[in-house]
Amino acid sequence: MKQVVQNYKSGELAVLDVPVPGCKPGGVLVRTAYSLISTGTELMKVSEAGMSMLGKARSRPDQVAKVMQSVAANGLPATYRKVMGKLDSYTPLGYSLCGVVEQVGAGIDDVKAGDLVACAGNEHALHAELNWVPKNLYTPVPDGLAPRHAAFGTVGSIAMQGVRQGEPQLGEVALVIGLGLIGQLVAQLLTASGVRVVGADPDPARCELAERLGAVACGDPGSAAVEAAVAELTGGHGVDQVYLAAGGGSNQPVELAARLARDRGRVVDIGKCRLDLPWNAYYEKELDVRFSRSYGPGRYDPEYELDGRDYPIGYVRWTERRNLACFLDLLARGRVDVDPLVSHVAEFEDAVETYRRLKDGELKAVAVLFRYPGPAGEESEDAVEAPAVAVPAVRRGTAATPARPLDAPVRLAFIGAGNYASSMLLPHLARRDGVTLSTVVTTTALSAANAQRKFGFARATTDLDAVLGDPSVDAVFVVTRHSSHAELTRQALLAGKTVFVEKPLALTEDELAGVLAAVEESGNDRLQVGFNRRFAPLLREAKSRLGARTGPASLRYLVNAGRLQPGSWYLRQGTEGSRFAGEGGHFIDTASWLLEADPVSVYAVATAGDEDLQVVLRYPDGSTATISYVTTGAPGFPKETLDLVADGKVLKLDDFVRSSVHGPKRWVSSRLPKARDKGQSAELAAFVKAVRTGGPMPVPLESLVATTAATLAVRTALAGGAPVTLARTR
């Protein structure tokens, strides 16, 4: 299928061939009839992409701050690879469309194939021929409403949420500053609510359009006409609400709002304009400044948007899905008219040229639609009818390792190609001799196409069977979200593939048991978990210089994990497990490798809210390892520091940039201030060698299972407040 994409690094726009998205449970696959270009938001994104790197940095200081934090935590090279990987990727455009349901996922019963729906979301309602849309981001289109009009649903919901934030009352007067697409819709919604509207915009054509659609008076914000209209309508008191629907760097909108609002009036920010509030003006009138967050309650909440968990109507009357349905109802009943806003309808295949004309100012438009090929997009002007924790024993079956020619390239497939895979795994594999990147599978078509373009995969798809059913694939990398690791690993093992799965291997004891059942059933134990730190060169050299131990050791491992950004999927503990369950295996594996044994018991305590964890592991020879996993430390402090004390010697690791051993003779590594090698390259080399030769896997399966069981036992120890013995089953 085809999709409109943009490379944020170069600014290139393209209509790209990408795989068809799969129809996952909890949503529907929609064939697009019309999608709407947001001439404000999207053109701002297109313009940013055309800036120099310095210009991009100046326009997004929030992202620059994140980059600097990443440099402090991960080093310059790793951060550079991550940032450039993100910049030099195709990103999608679009967030408002109407289309026909082509396939219904499990758990969906409110629509069927053939139904017409309006869809929202900058990850789901894209300028693409097909989109997978979760339940709370689509709504059925009322009978008789034309698809080209229903495509306005998302921007209409944005305008509606802004109006709700203003709490308008019958008979009030409102000022709308900025009469672009959102401003025009805000003005119509206010008029439909019994509010008299004054508009302000420097474009006379937009002022005339707003007046034609119901505004009382409109004019240039710098003219006396707007102030005169407000004075006449309000008896000199000022407007009850001001809606900021303008963009740009001028502070004029907020200054005008203060001048024309009444005492204790409300100012609602909907657009993205400069907000240097003049303190005296806002203080003296005690103005109530409010922000409108996109489509309404539910926006940016992954449990609402992705998991389909609705908010009870008795507590949250208007969610983003209910706003979407309400706006479509107003359209169907003629209370809002979007047809006069449509300046141009372009064929989808002409998308790149359409964006160019908009950016260059050649095409002046309030709203532009893309029309897609197919019956749904070929409408006439008439409306179209809508169609104790036990450590499981490892039992192996009898299957033998399949023979393969030693001189043949190792053919690798990836399931998932997110940030970690793209920055830490694929760059090493793409340039490794004797490796062929065969197929990449992702849930979104564009991420598969990005990985194919950047790393040279022979094939990109959203079909998992294209990997599991391909006999030419030697090994499969599972680099998806945590909740899917165990099931995908199980399927790949049963398909006879050698598997590299990023941590964690499993989030529950049942998931771990399922993986081991697949090993026993298939006889395939060719499994590696991405515990890369044991392969780090500095740590391996330090361990070698420490030498063999004769007595027990005491290990202390401080992990300054830091806080996550709000909205991170790592915070979705209901589906993705706790943060420690997701990455704690890294540190337990490192400790066990240094101590050359698997733990026999786990004890854990946490601060209030489980923000900081102290995990104590005990080993068979009396050694102990304490892992302090903290999120409340200073961002500039090193992420990982480790001390191991034994036999009168001390091994120290300083965040993988320096290591030392103190004993009769002191050894200190050279400091590598610009690089942190956490072992990914060496780990991948060992894995590829095992696949090529059929030799043992880099880490014994029993060790992977023990580390996973110990990681899961932390949760049990926290709940019970007592040490948990790790009993080996037989």
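Predicted model: local features only at pLDDT ≥ 70, side-chain atom pairs only at ≥ 80, totals over all residues.

Colleague: Which helices each supply at least two residues of the lining of the largest cavity?
Modeller: The lining includes A581, G582 and G585, as well as T708, T711 and L712. By class, the lining has 6 nonpolar, 4 polar and 1 charged residues. The helices that each supply at least two of the lining residues are α22 (579–595) and α24 (701–720).

Colleague: Which strands stand at the edges of the open sheet, and why is one side of each left without a neighbour?
Modeller: The sheet has 6 strands with parallel pairing, in the order β11-β10-β9-β12-β13-β14. Each edge strand has a single partner strand, so one side of it has no neighbour in the sheet. Those edge strands are β11 (217–219) and β14 (288–291).

Colleague: Which residue is the bridge partner of V176 in β12?
Modeller: Strand β9 covers residues 173–177 and β12 covers residues 239–244. The two run parallel and are joined by 4 bridges. In β12, V176 is partnered by Y243.

Colleague: At about what angle to β10 does helix α9 run?
Modeller: Helix α7 (residues 181–192) lies across β9, β10 and β12, at about 170° to β9. Helix α9 (residues 224–234) lies across β9, β10, β11 and β12. The angle of α9 to β10 is about 165°.

How values were computed. Residues numbered from 1 in each chain as written. Heavy atoms only, no water. Pairing = 2+ DSSP bridges. Contact = heavy atoms within 4.5 Å. Axes fitted to C-alpha atoms, helices over the stretch in contact; angles between N-to-C directions. 1 Å grid on protein atoms, 1.4 Å probe; cavity = no way out; pocket = protein on both sides within 12 Å on 5 of 7 lines; lining within 4 Å. Nonpolar A, V, L, I, M, F, W, Y, C, P; charged D, E, K, R; others polar.
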